[in-house]
Amino acid sequence: MNDALLPATGVAGPSENPGVHGLTRRHHLRWWEALPWILAIAYYFAFPDYLSFGADLLISILFALSLDLALGYAGIVTLGHAAFFGTGAYTVGMLAYYGVWNEPITALILGATAAAAVGLLSGLVLLRTTGLTLLMLTLSTMALLEQAANMAHAVTGGFDGLPSLTIGPVFGLFEFNPLYYDTQYLFSLGVLFVCFVFMRTLVYSPFGESLTGIRENVLRMHAVGAPVRRRLIVCYCISAALAGIAGGLWAQDNAYVNLSALGLDRAATVLIILILGGYGRLYGAFIGAVVYLALEHFLAQVYPTAWQLGLGLLLVAVALFARNGILGLGDTLWRRFQARRAAP
Amino acid sequence: MSEVRLETQALTRHFGALMAVQEIDFKLTAGARHALIGPNGAGKTTFINLLTGVLSPTGGRVLLAGNDITATAQAERVKRGIARTFQINRLFRGLSVLENVYISVAERIGAASGMLAPAGRRRDVIDEAMALLDMLKLSGDARRRVSELPYGRQRLIELAIALGLKPAVLLLDEPAAGVPSAENHIILDAIERLPAEIAVLIIEHDMDVVFRFAERVTVMVGGAIFAEGTPREIEANPEVRAVYLGEATPGERGRAAHV
């Protein structure tokens, strides 16, 4: 970043052309980017009785963010992302259950590492394929892990999972209390914030730019000499690590881990959340998770037997009218509004 | 004769029983303006794919500046200076014009794997990309999404991405294909202004373009080299006229060749 120190030449260089601002200002912080965090803190004070729901929401956001990196930015079509969520959850869960390790932050790092390792091993094989083949292979990888966790019930607890995990206090101070979710909520918020800052940095970096290049036209990326497969594997590992953190957090917050961490249900839900909010745009994960979980919550109260019907209808509407999710729809409307204002 | 940049020796590629490219001996010199012509299915694009490493040959060798690159991977050939454009646009359609060129420049100078500093702070990459866009008169569209531009201008971006790689050898696969004839001159002007030191091989159907641009012409028919010479020699060669150019009058050649 020495470029800021270079002497000014006095001549307006090409960077002075306003055409570059789309790129040079893209990573600048905008005022509204503070909103999710302000709202999250406000939620803590406003709904002290719903912190368990809130923590779930934060974890869903983190999980959807991890998927956004692979699917939204690099275009890796996957239906098996819960494999990494589950790996993180079981790593943290088993370490705590057998009393090996229960310091929460380092446990999350271990969970992330384990998930990244699974991402690396599967990615080396999977990422040779694309499209439907890739989709099916990610699905089967997850199914294999799920079966492995089910069959190894001596260590994983099988279908019943591992209950009553003892998680150490955060920073040695803040206890996880199964009745009051204060620590869980704030800890999840902190972890989400750190992961989000990392992810935001990543997608606006040249590496992130090259991922979007792979998504937009992989043949062209080969033709400009990009090490496409290596980049995809790195991206997949990072995405897996973030999903692993989400899974680990889920195990810590709920003090249990079971097969629901690994299943198709979870993988499909996170995909729906991301598509609902809008993929490849960072904040789609936030919007999607809030809308999905809020709908699930309220529809289940209003119409407990068939709440999924309402969700299904919403998805149909999104698929028909808002291909790029809720944020994409907002984008389109905003562009149209600006175009109308520009044209007298 | 100046130094040979790219050379093939008995380069051959079969697809099953089809001899797509047969025993081609070909030389491209530094600064060359060389056209490759031939009827559809003559093996021109296969030949380009063998040069860039998209396909591997059944036999023969490819030499870049005297070094054997027959077994070298595509990405490595790009690093060593071979760039190409595509007959049908292969652009990053959802990204801005600037980003399209940014990706290529960043890849060349090794900035593309950086994860920490924002892409927008790599002024070196941005300045170089903008200079290229300036040269191609595209800088006014830098912010616009590629898919919003007319096809003729998109063809220029195809060229800009290749030039972002600072190639020693540039392979242009029908650079004006699909462009309405009214916009054709934009592409041709750009090609004529290419830096003199680049060795350019152009596949082109439009004979007017070939005769305007090329200093040397190779004619491929049925996967093999049929004739090679200056545009004047090729034009005067009765066999070439018979198999390829037809007996059309000069003004009609371009259109005749498209049919």
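Leaving aside its neighbours within four places in sequence, which residues is Gly152(B) in contact with? They are Val179(B), Pro180(B), Glu183(B) and Ile186(B), where contact means that the C-beta atoms of two residues, placed from the backbone, lie within 7 Å. Before we go on, a word on the model: it is predicted, so local features need pLDDT of at least 70 and side-chain atom pairs count only at pLDDT 80 or more, while totals for chains, interfaces and linings use all residues. Residues are numbered from 1 along each chain as its sequence is written, and chains are lettered from A and ligands numbered from 1 in the order in which they are written.

Let us stay with Gly152(B) for a moment. The C-alpha atom of Gly152(B) is 7.3 Å from that of Pro180(B), although 28 residues separate the two along the chain. Gly152(B) counts as partly exposed, with 17 C-beta neighbours inside 10 Å. On this scale a residue is buried if 20 or more other C-beta atoms, placed from the backbone, lie within 10 Å of its own, exposed if 12 or fewer, and partly exposed in between.

Now step back to the whole of chain B. It is divided into domain 1 (1-81 + 167-259) and domain 2 (92-166), with bounds that come from an automatic or database domain assignment. The C-alpha centres of these two domains of chain B lie 26 Å apart. Twelve residues from domain 1 of chain B and nine residues from domain 2 of chain B make up the contact. On the domain 1 side, helix α6 (residues 184-192) of chain B gives the most, with three residues. That side divides into ten nonpolar residues, one polar and one charged. Here Ala, Val, Leu, Ile, Met, Phe, Trp, Tyr, Cys and Pro count as nonpolar, Asp, Glu, Lys and Arg as charged, and the others, Gly among them, as polar.

The largest nonpolar core has 179 residues, and those with the most contacts inside it are Leu62(A), Leu242(A), Tyr102(B), Leu133(B) and Ala160(B). Such a core is a set of buried Ala, Val, Leu, Ile, Met, Phe, Trp, Tyr and Cys residues joined through C-beta atoms within 7 Å. Domain 1 and domain 2 of chain B both give residues to this core, so it lies between them. If you look around Ala160(B), leaving aside its neighbours within four places in sequence, you will find it in contact with Val101(B), Leu132(B), Leu133(B), Leu136(B) and Leu138(B).

Glu128(B) sits in helix α4 of chain B and counts as buried, with 21 C-beta neighbours inside 10 Å. Elsewhere in chain B, nine of the nine residues of helix α1 (residues 44-52) are buried, so this helix is largely enclosed by the rest of the structure. Just after α1(B), Gly53(B) takes a positive phi of about 90 degrees.

What happens where the chains meet? Here 44 residues of chain B are in contact with 35 residues of chain A. On the chain B side, α2 (74-79), α3 (97-109) and α4 (123-135) each supply at least two residues. By class, that side has 22 nonpolar, nine polar and 13 charged residues.

Over in chain A, follow helix α11 (residues 228-254). Its axis and that of helix α3 (residues 51-73) of chain A come within 8 Å and cross at roughly 170 degrees; axes are lines fitted to C-alpha atoms, for helices over the stretch in contact, and angles run from 0 to 180 degrees between N-to-C directions. That makes α3(A) roughly antiparallel to α11(A), the word for angles over 145 degrees. The contact of α3(A) with α11(A) has 16 nonpolar, two polar and one charged residues, including Leu62(A) from α3(A) and Leu242(A) from α11(A).

Helix α8 (residues 182-203) of chain A packs with α11(A) as well, at an angle of about 175 degrees and with the axes 11 Å apart. That makes α8(A) roughly antiparallel to α11(A). Leu242(A) is one of the α11(A) residues that meet α8(A).

Technical notes. Helices (H or I, at least four residues) and strands (E, at least two) are DSSP runs, numbered from the N terminus. Angles under 35 degrees count as roughly parallel, over 145 as roughly antiparallel, 65 to 115 as roughly perpendicular and the rest as oblique.
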